[in-house]
Amino acid sequence: MVVGWLGGMLAAVFAPAAVASNAAATIAEEEPAPPRVTVMGNYDNAVGTSDAASEGTVTASLIANRPALRTGELLEFVPGMIVTQHSGDGKANQYFLRGFNLDHGTDFATYVDAMPVNMRSNAHGQGYSDLNFIIPELVQRIDYRKGPYFADEGDFSSAGAARLALVDTLPQGLASVTLGSYGYQRAVLADSFNTGSGGGRLLYGVDAGRNDGPWDTPENVRKASALLRYSSGDAQQGYNVTAMAYRNRWNATDQVPQRAVAQGLIDRYGVIDASDGGKTDRASLSWNMHSKSADRVTEAAAYIVRSRLDLFSNFTYFLNDPVNGDQFQQSERRTMTGANASTAWLANWGGIDVRNKVGVQTRYDHISPLGLYATVARARIATVREDRVNEGSAGFYVENTAYWQPTLRTVLGVRHDVYRFDVNSDKVTAHRTSPKLAVILGPWASTEYFINYGGGFHSNDARGVVQAVDPATPLVATRGAELGVRSEWLPGLQTSLSLWTLDIDSELVFAGDSGQTEASRPSRRRGVEWTSHYIAAPWLLFDLDLSASRARYRQDDPAGNYVPESINKVASFGVTVKDLGRWQGALEVRYFGQRPLLEDNSVRSRSTTLMYGRIGYQLTPSTRVTLDGFNLLNRKASDIDYYYASRLPGEPADGVDDSHFHPVEQRTARLTLNHRF
């Protein structure tokens with residue numbers, strides 16, 4: 001039976017296109033497909049919706065129905081992604097995916113609509129991706145991809161990419177107030193209305209909050225975000241113009257040495273340098289348009305972002321400066337501009353239906369000053385370096401999708417990127433070409449199969465690229481491949497399995513003494529992911545994500561070949577109950593596995609298991625109250641672990657090698673009153 005099935009599948013794949021089309025038409029006439037009932041769940045990962053098994057969409061219902069401790073945890077809805085924090089909540093989160101400690105965003109690209117979030121040549125870390133400016137209630141969906149297989153994805157996207165699409169309108173106005181443990185306060189107000197001229201619509205949203213957290217030194221987060229969007233048109237043709245603003249101030253409890261807690265110098269939520277913290281501001285203006293006809297889709301976007309960041313950190317305490325301490329300030333003032341355009345059209349080549357797409361993406365960053373300073377209690381005492389950086393890029397791509405058979409299509413693409421780095425008038429130019437290929441087979445029995453290959457890259461910090469001694473590779477190449485399967489064999493179930501591998505020519509690893517990532521040896525990652533979403537009933541949904549990976553350096557070294565901080569095992573399980581009378585609820589369990597902290601694997605982090613929960617009650621048709629709980633089991637676990645040398649007062653001049661950890665927040669509750677008007 002298996003041989004017969006395989007023979008039939010191969011015959012269908014390699015039969016002439018005209019024969020397959022006629023056969024498909026005949027089958028459609030003789031054996032009409034059974035009626036299909038679709039119930040929208042937390043994910044839209046249906047068969048036929050993507051070019052890779054690891055590609056998908058997170059729906060707004062999941063974002064609305066699951067609790068999140070921090071704004072950045074929006075990305076934790078991407079299967080296999082872990083989002084943590086090793087400092088104050090005004091700083092970009094720490095991200096883990098596919099065997100990577102992505103630091104604050106390197107090798108994972110994030111966008112809000114078409115506007116990039118990752119910051120090149122950032123004061124704190126390459127690819128720094130701070131999502132705190134987003135108002136989660138205004139996110140319509142999250143489209144995610146993994147691997148360097150897509151021609152329209154460029155810098156920072158080797159491990160994956162996520163595009164957060166914002167709503168144009170709201171069906172009703174929204175007003176909510178949240179109060180929680182440790183001084184947590186948040187208020188949101190948003191609404192949209194017709195402007196009365198030309199069919200335009202205006203959307204506004206404001207989000208303000210503060211939080212102290214469980215830390216001995218109160219975090220004193222003071223955060224505010226605002227959005228104003230004008231949109232016009234419909235799904236076929238339209239545009240929007242969006243203005244966004246964000247401001248945050250905070251104190252930080254960074255990772256602390258394990259020995260300080262063991263000796264009773266501080267408790268788990270204590271701090272060595274209480275003056276750590278930061279401030280950031282961001283303002284943006286963006287424009288997006290789309291035009292769709294029967295055989296062509298054209299899209300264009302442009303944006304300008306003004307941002308500033310000041311971070312005060314002390315990871316080694318008194319190791320480098322026994323008198324003043326090792327606190328330093330990382331500071332930048334940035335203007336980022338860019339424009340994108342693409343067009344896709346249908347054609348027929350020799351009887352083969354094809355879809356062609358061409359696009360261009362440009363970006364320019366002006367960063368001045370970009371500085372690193374020695375500080376004491378946030379007061380500057382010395383300038384380590386201060387630079388003026390201009391970095392520009394242009395990416396061009398073409399992509400062809402050929403529909404060879406009803407059960408066979410291929411996607412062939414190529415991308416070429418050109419970069420120009422300018423640091424204090426010292427210039428370097430670099431370019432890279434990245435091929436892309438996907439083969440999609442099926443569906444048979446509601447199951448399809450994927451073969452993906454692609455080249456990608458991440459850019460390096462411009463300061464390292466142009467330095468006279470030991471310059472860094474401007475654009476670090478990556479190569480990845482994936483075998484995947486996606487199935488809907490059981491009504492209500494969407495499940496996918498992928499086996500993947502990824503090579504990178506230069507690994508970036510965290511350096512405790514500088515607080516930044518530094519280039520290291522080439523590496524290879526391999527892994528497996530299994531993602532399943534099941535709609536058991538219209539009111540009951542289950543989500544299960546499992547992933548395991550292996551990361552090793554490709555060049556042997558006596559120090560060892562393990563990649564420090566590389567994530568190994570991730571598991572998450574979620575249950576959503578909605579519209580059960582007046583009640584709703586959600587429960588999520590997330591497992592974050594052990595990781596090597598040194599190249600020889602002699603020191604490893606502990607695993608972390610957390611449980612989040614929500615229960616909600618509809619007081620009236622327009623008013624709902626929800627209670628969220630975080631770390632319900634009150635686990636004493638870590639958000640992050642590092643291993644490096646630091647020095648406390650009275651310790652040897654060379655410091656002490658030790659594990660440094662940032663604890664997860666202890667059990668936390670938040671109560672929200674939500675009103676629609």
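A nonpolar core is a set of buried Ala, Val, Leu, Ile, Met, Phe, Trp, Tyr and Cys residues joined through side-chain atoms within 4.5 Å. The views below show parts of a predicted model.

**View A. The largest nonpolar core, with Leu75 and Ile142.** This core has 57 residues, and Leu75 and Ile142 are the members that touch the most others. The element that gives the most to the core is strand S16 (residues 296–313), which supplies four residues. In soluble globular proteins, nonpolar side chains tend to be buried together.

**View B. The surroundings of Leu75.** Neighbours within four places in sequence are left aside here; beyond them, Leu75 is in contact with Met81, Val83, Tyr95, Phe108, Thr110, Leu131, Ala162 and Leu164.

**View C. The open sheet S2-S3-S4.** Three strands are arranged in this order, with antiparallel pairing. Strand S2 (82–84) and strand S4 (100–101) are the edge strands; each has a single partner strand, so one side of each has no neighbour in the sheet. S2 is joined to strand S3 (residues 94–97) by three bridges, and the two run antiparallel. Ile82 has Phe96 of S3 opposite.

**View D. The open sheet S14-S34-S33.** Here, too, three strands form an open sheet with antiparallel pairing. The edges are taken by strand S14 (256–257) and strand S33 (638–646), each with a single partner strand, so one side of each is left without a neighbour in the sheet. Two bridges pair S14 with strand S34 (residues 656–663) in the antiparallel sense. Opposite Pro257 stands His660 in S34.

**View E. The hairpin of S17 and S18.** Strand S17 (residues 328–349) pairs with strand S18 (residues 352–376) in the antiparallel sense, over 21 bridges. Leu346 has Arg355 in S18 as its bridge partner. Two residues lie between the strands of this hairpin, and Gly350 in the turn has a positive phi of about 60 degrees.

View F. S18 and strand S19 (residues 379–405) run antiparallel and are joined by 22 bridges.

Note on methods. Residues numbered from 1 in each chain as written. Predicted model: local features only at pLDDT ≥ 70, side-chain atom pairs only at ≥ 80, totals over all residues. Heavy atoms only, no water. Pairing = 2+ DSSP bridges. Buried < 20%, exposed > 50% of the residue type's maximum accessible area, 1.4 Å probe, protein only. Contact = heavy atoms within 4.5 Å.
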